[in-house]
Amino acid sequence: MEMRRSEKPGSEIQASDTDSKSDHVALEPILSPPLNPEAPAPPPPPPNGGYGWVCTACVLLINAHTWGLNSSYGVFLAHYLAHSTFPGATYLMYAFVGSLSISCAMLVSPLATLTTRTWGTRTTLLIGVALQTASLLGASWAKEVWQLFLSQGVAFGVGMGFLFVGSVGIIPQWFTTRRSLANGVGTCGSGLGGLVYSLAAGRMIETIGLAWTFRVLGLVAAVVNTGCALLIRDRNKAIGSNQGLFDHRLFRRPQYLLLCSYGFFSILGYVVLLFSLANYARTVGLSASQASTISALFNFSQALGRPFIGLYSDSIGRINMAMLATLLSALFTLLFWPFATSYGALLAYVLLSGTVAGTFWCTVAPVAAEVVGVRDVPSALNMLWLVVVVPCTFSEPIALEIVGGTGHYIGAQLFAGFMYFAAALSLLVMRGWKIGEVDVLQRLKAEGGEEKEANDGMQPIVGYGAMIKDCLKLRKV
């Protein structure tokens with residue numbers, strides 16, 4: 001096979017097969033234009049440690065006091081449903097309160113990215129601290145369910161979104177070979193926070209009441225998140241990070257569409273687990289204390305699992321690890337959860353499934369770097385958060401509607417399991433693309449061209465046929 005390269009910058013490589021006409025043209029590599037035709041010189045290599053570990057610790061604590069705090073909503077949900085706290089509110093309304101907090105965090109991502117680009121990371125984080133604190137204080141005085149929507153739902157979600165978007169891209173900027181490990185350590189904070197806050201919220205609601213529980217949680221989160229906002233540093237200028245709000249050209253890349261598919265289906269499954277386990281425990285006859293313990297241990301197992309996912313991602317490949325962990329989550333949900341009807345069985349299930357349930361959150365940034373390149377990670381994630389707004393909003397309401405319509409949790413359990421399976425399938429096809437990309441770059445280098453890092457300059461596009469053909473190869477990607 002002969003490859004001829006055009007002399008014009010940005011032109012496509014045209015491939016011709018002089019030996020056989022049977023090869024499908026989709027299997028031939030071409031090059032697509034870069035997102036930034038006037039891309040600067042490659043950035044300096046990350047320190048791969050140093051102050052990056054301080055930033056990792058800050059991200060861990062921010063995740064603990066945002067996503068971890070939000071994970072305790074399962075305890076609040078069980079309390080609302082058991083005590084009819086707000087007159088006239090239905091189970092579906094309560095489900096939307098929890099879903100809104102996540103969807104609003106994703107929906108605010110363009111605004112948070114804009115503030116990061118205009119005023120910097122620290123300002124974005126401090127805005128999030130102020131909004132989150134105000135939301136919890138507001139929820140403590142809520143008397144009607146619409147007030148709960150605005151406080152614990154919308155305002156908390158917006159504040160969490162500013163904190164999340166401002167911090168999620170920090171760790172990949174500081175690491176290379178340890179990137180997935182550091183990211184796993186940072187994201188395990190949500191599991192640790194979920195463990196502490198689920199136990200603490202359950203106990204405080206019983207002892208000091210719902211209102212003061214909100215106030216105590218708000219004060220603790222405000223102090224910790226403010227300290228982290230003052231310590232954390234980004235490397236946006238050093239790497240020439242692309243802080244664009246919307247780069248629609250990413251949607252022309254099939255590999256980015258697969259990343260979006262991975263996120264969409266993962267969130268549909270994950271939110272069901274996150275918010276339903278405590279209420280499921282109550283429906284099988286467990287006490288409120290046991291239900292909060294179930295929710296807490298689910299978050300604890302996430303904290304245990306995420307660093308190992310990061311560690312082995314660096315060893316066996318980031319896409320490989322994300323795919324295997326997501327597939328395991330599907331299998332655990334389908335094969336174990338429906339049969340966990342006692343306290344001991346449910347404890348065993350949450351300890352097992354929690355290790356891989358939140359795989360998306362600890363792999364999305366490293367996998368995005370593999371797909372679009374480090375420079376374009378902020379822009380890629382910014383649009384991905386908008387893609388997952390829909391599953392964030394409707395996942396738990398769908399699950400509770402299934403439960404309400406059938407009277408059993410089996411439908412919701414199957415729904416969550418098959419969503420995880422669809423996410424794993426998306427990663428399998430993405431894996432085929434990555435293998436094809438690596439092969440194309442190696443071929444170009446062998447033919448005398450310079451080997452280019454993916455997405456810096458010209459990026460290989462692998463045909464759809466090659467994606468399917470290569471996805472089962474034993475390769476580290």
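Helix H9 gives the most to the lining of the second largest pocket, with 5 residues. This is a predicted model: local features need pLDDT of at least 70, side-chain atom pairs count only at pLDDT 80 or more, and totals for chains, interfaces and linings use all residues. Residues are numbered from 1 along each chain as its sequence is written, and side-chain values use heavy atoms, leaving out hydrogens and water.

In all, 15 residues line this pocket. Val75, Gly202, Glu206, Ala288 and Ser289 lie nearest its centre. Helices H3 (73-83), H9 (179-207), H12 (254-283) and H13 (288-316) are the elements that each give two or more residues to the lining. By type, the lining has 7 nonpolar, 5 polar and 3 charged residues. About 250 Å³ of space lies inside. A pocket here is an open set of points on a 1 Å grid over the protein atoms alone, where a 1.4 Å probe fits, with protein on both sides within 12 Å along at least five of seven lines; lining residues have an atom within 4 Å of a point.

Now turn to a helix pair. Helix H4 (residues 91-107) packs on helix H7 (residues 145-168) at an angle of about 25°, with axes 6 Å apart. H4 and H7 are therefore roughly parallel (angles under 35 degrees count as such). Their crossing is right-handed: the near helix is turned clockwise from the far one by less than a right angle.

Which residues meet? Those of H4 include Phe96, Leu100 and Ala105, and those of H7 include Phe149, Gly153 and Phe164. Contact means heavy atoms within 4.5 Å. The contact residues divide into 17 nonpolar, 5 polar and no charged.

Conventions. Points joined across faces, edges and corners; volume = space filled by probe spheres on them. Helix = DSSP H or I, 4+ residues; strand = E, 2+ residues; numbered from the N terminus. Nonpolar A, V, L, I, M, F, W, Y, C, P; charged D, E, K, R; others polar. Axes fitted to C-alpha atoms, helices over the stretch in contact; angles between N-to-C directions. Parallel < 35°, antiparallel > 145°, perpendicular 65-115°, else oblique.
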